[in-house]
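Subject: Structure handover

Hello,

Here is the structure I promised to pass on. Please open it beside this email and follow along.

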Amino acid sequence: MNKWLLGLLVLILAVQIYVGIIINYPPTPEQLTLSASLIPVWGTRILTLVTLLVGLRWWVTKTNKIWGKNIGWLSGILLVVSPLFFGWWYLYPVEAIKVCLLFVGWKFMAYSFKLKAIVLIVLVAGLSLVSTEERSSIFHKLSFADAKKEANIRFDREDKLNDGVYMPLMVRRLSNNKVYVWYKEIVGEIIPFFDLETLFFQEVTPTEQKSIVIFYWVEVFLFGFGIYVLTKEKWQKQRLVLFLMLLAFINYLLLAKPIYLKLELTLIPISLIMGLGLTRLIELKKQYWAAGMFLGMMIVFIGYGVITNYFDLALRPSYWLDNRPQVYDFVYKNISQMEEYMGYHIKVTSLVGNSTGYCQYYLHGCSSSLLKMNGFDLTKERVESKTIYAGFAGEFFGAKVNNEVPPDWQDQLSRMGLVLIESLNIRDSVAYRYGNKIIIAVSK
Amino acid sequence: MIKILKKNWFWMSFCLILIFNLGVRIYGLDKSPPSVNFDEAALGYNAYSIMKTGRDEYGNYLPLSLRSFNDYKPALYSYLSIPFVYLLGLNEISTRMVSALAGTASLIFLFLFLKEFVTRKKYLLFIFLTMSLQPWRLHFSRTAFESNLSMFLFSGGAWFLYSYLKIKDYKKMIWSVMFFVSAAYSYHSARLAAPLILGLVSIDPIRALYQKIRVKSKILVALIMFIILSVPIFLANSNLVLTRFKQENIFNRYYPYTPRELVTEGNPWLNWKNNPVYYFAALVAGHIMAYVSPINLGSRVFHFVKGSPQSIPSFSMLGWLESMILVAGLVVLIKNIKKEKNRFLVYWLVAGIAPAAVTWNWFHPLRSLNIFPALEVVVGIGMAGLLIWISKWKSKWLAGGVRFIWVVVTILSLIFVINNEYRYAVWENHGEYQPGGFKQGAGVLKNLQEDYDQVIIDSPHAQSYIFFLFYQSFPPEIVQQYASIRPKPGIEGNLNFDFYKFKFRKFDWPKDKELTRTLFWTSSEVKVDEIKNTPGADVIQFENAVKYIGASLIIKQ
């Protein structure tokens, strides 16, 4: 059985690498930061993938040891088939390193695990906090300032009612006080952790949010069955799964990144629970026809989910993946090819973050005094001569509340004395109010 | 006296909680929500019309479904409202009373179910108190929702069905059928949910997974009885009764199910890479699981819910803590799935979700209201499990401290829920669900309109006529005469019709100021000075509950 599972694992990885080649997505800022923009992006990706696989090996062997049979293998396969796993090695090396370290910690975990548990909690919490410059929203809620403000707003609004239901002032104070509102804010940050839509149903995007698929929809039923199997295990084993969930929760609370990354560590315990479920189904299939049928359906639907989702990913990467790298990829690739404008000043947008890494990566050097990466606003500044402008439409024509780009933007560009070199429409509004169009234009 | 109190403390506490809940549901019913919405006005007015003439607003004699806005509302709610309309007149209180009483009465069945799962009495009372004032319970009990009535009746049907499983008394079965049939006559969802729960309990498919199938034939008999007693609903208006389903079903809205960018030419069903079957199954599965997703229950508000009468400001349906404890309850439920009472809960959930799952909305509180008592029982199981676990902690001080904080937070939450519903929600709804100043102005209009030749109504709402009928207690005999000119069944959009002196059209003051002996009602902004400067013209403006001008009444002599 192990050889078959290993073969399946290799096949899935081959599919992922193939899809990655087809997509040929630009590097993310963290990939450039880690590689110091010195090595090709595929070098970073392969290194990240190897790191993950090494960690995965420890996960598989340790899990097999704790739980027996092939649970480690099955949970490993379920982990790897997830498009989020692809996202880890393809785009998010920092997250991949975090996961690998978690696997390392898991390897050394035993039933009595208090000290190791604390180490892992500190590790996950620490990496989550340092992986971005922004702070997670939970920190803004910890202070009473917002709560006090909201309590006052609520009180104020209620006072404005014309003929409201009478409530004694004491009761209103018990309801609208900063302590309770603070509790409300904190709980409001916690509840989204329990989000079945983001975890299991992103294939049909019910909330129209941007997110990579974490689990295929059919896996929710396997997860439910896995929960049943888990409840029959000994407390020591249940405790391990709960601990992994706790780590996932800490990561969710402290990480200031998109929701699918905030929920990323749930991939591990949930795939373990599903692995438990699958193993039990394999045992039961000879005894109960329903188990065999359910197992067959899971294999078919998960298998089909893999095919359809990776095909979808290959066809519309912009739909699933973060569009921000596309901005700087477009800008700097074009600038690097604009040899006839050598010696011109260059002004690059800064609306989607610091582009120094991209500059290093595409131009092999950013030290030129001609290059300015802090954006521009041509509604306020004068158009300078012999300057290349690369930015969002709103930086040329003004930010619009509805994110619009003027229909006659090309004419406007000409009237400003600029010559259009290239433009690109991106799918997502990554710089809201500034439009989804990136323009590179030059004033001669 | 003290001995009596000590002996009966449990039932007295239960009664106290029930009475408190009744009070909280009835108090200030005319002020919060501050005015009726379309459907409330329709239910109330049709109750009034049937009371007066035996016919609904279209002149249909003792209808089983109210044609209303061509949506064929089940009529039971209106019939039950008649005594209150008779005693209290046609107003918010009489219209909402049935919902308030049904919401309170449903707590009895909730308590009975909780008693089956929670054995410690103090825990039971605490859990019951917490569940009795969940945001959805208070909100839906204070608005005239047929689905709230249906929820009460469905809970009753479920309780008697469950009781039958325990003690095999045929009278329980009959009660169960009567409650389920009544639920079907009160809201569309129950017409699918009730037979489904009967079918599932009879076949017990979960048990069939690990044991031989054993069909409970007597419950199948109950199912047949249900179908027979429900036939009149479908015979009364045959395919028109299915109008709502045709309007809202999942099959049309999402076709071709595969994301559009992935649809290739040719037959989509033969597309092996992105087959619609896969995506359709995902949609259905997602629609089902949405009702046990804690974020949907505790905080997420979908755009089609926000701003509608089913929206509860600051909440989704359950309390925030309770929506997370649901996870613990589900785990305990799954763990003990082989127990019949746990399987019963699962069947209740599946049956209640089904009518909502086949409609296009991902999460629709109204259509799924029948499952919420079951969800509360699951939360109760989780709460009981956690309380028992805390009581086993080594440190009694810590356990006591945690329990104390939990009780304090719960009490504050209940106060928050009540105040939120009474006062803050009024502000959030901008003083009324369908802004237009109808409550404040329709009565004034009534006093004036007899002296004028026509009343021109300029309202952005597609069925604003109903507010004038409601707030003026307009003679139904007059309205019924216009049945033949009203928009035909199947027509959506503007359902206003000209009746009596009322004409529904856009208001254009530069032209209309030439008219005489005319009243103009408009929700749009008016230039008061310009109107007052016109000879023979005057204007009265009506503020709504949040002090903005809801409507203006222009008098032109």
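Below are the ground rules and then the findings.

This is a predicted model: local features need pLDDT of at least 70, side-chain atom pairs count only at pLDDT 80 or more, and totals for chains, interfaces and linings use all residues. Residues are numbered from 1 along each chain as its sequence is written, chains are lettered from A and ligands numbered from 1 in the order written, and side-chain values use heavy atoms, leaving out hydrogens and water.

**Chain A spans**

An unreviewed UniProt entry places the feature "transmembrane region" at several stretches of chain A, including 237–256 and 288–311. Such positions follow the numbering used here, feature names are shortened, and annotations may be inferred rather than shown by experiment. Residues 237–256 of chain A are 90% helix and 0% strand, with end C-alpha atoms 31 Å apart. For residues 288–311 of chain A, the values are 96% helix, 0% strand and 35 Å. Helices (H or I, at least four residues) and strands (E, at least two) are DSSP runs, numbered from the N terminus.

**Salt bridges**

Side chains of opposite charge can pair when their charged atoms come close. A salt bridge here is a side-chain nitrogen of Lys or Arg within 4 Å of a carboxyl oxygen of Asp or Glu.

K257(A) bridges to E95(A), with the closest N and O atoms 2.6 Å apart. This pair links distant parts of the chain, 162 residues apart. K257(A) and E95(A) are both buried (under 20% relative accessible area; exposed is over 50%, partly exposed in between; 1.4 Å probe, protein chains only). Both also belong to a salt-bridge network with E30(A), K98(A) and E264(A).

In chain B, E376(B) meets R137(B) at 2.8 Å, N to O. E376(B) lies in helix α19 and R137(B) in helix α7 of chain B, so the pair ties together parts 239 residues apart in sequence. Both residues are buried.

**Rings**

How many aromatic pairs are there over all chains? The search finds 103. Rings of Phe, Tyr and Trp (its six-membered ring) pair if their centres lie within 6.5 Å; planes under 30 degrees apart are stacked, over 60 edge-to-face, the rest tilted. Y328(A) and Y358(A) have ring centres 5.2 Å apart and planes at 40°, so they are tilted. Both are buried.

Best wishes
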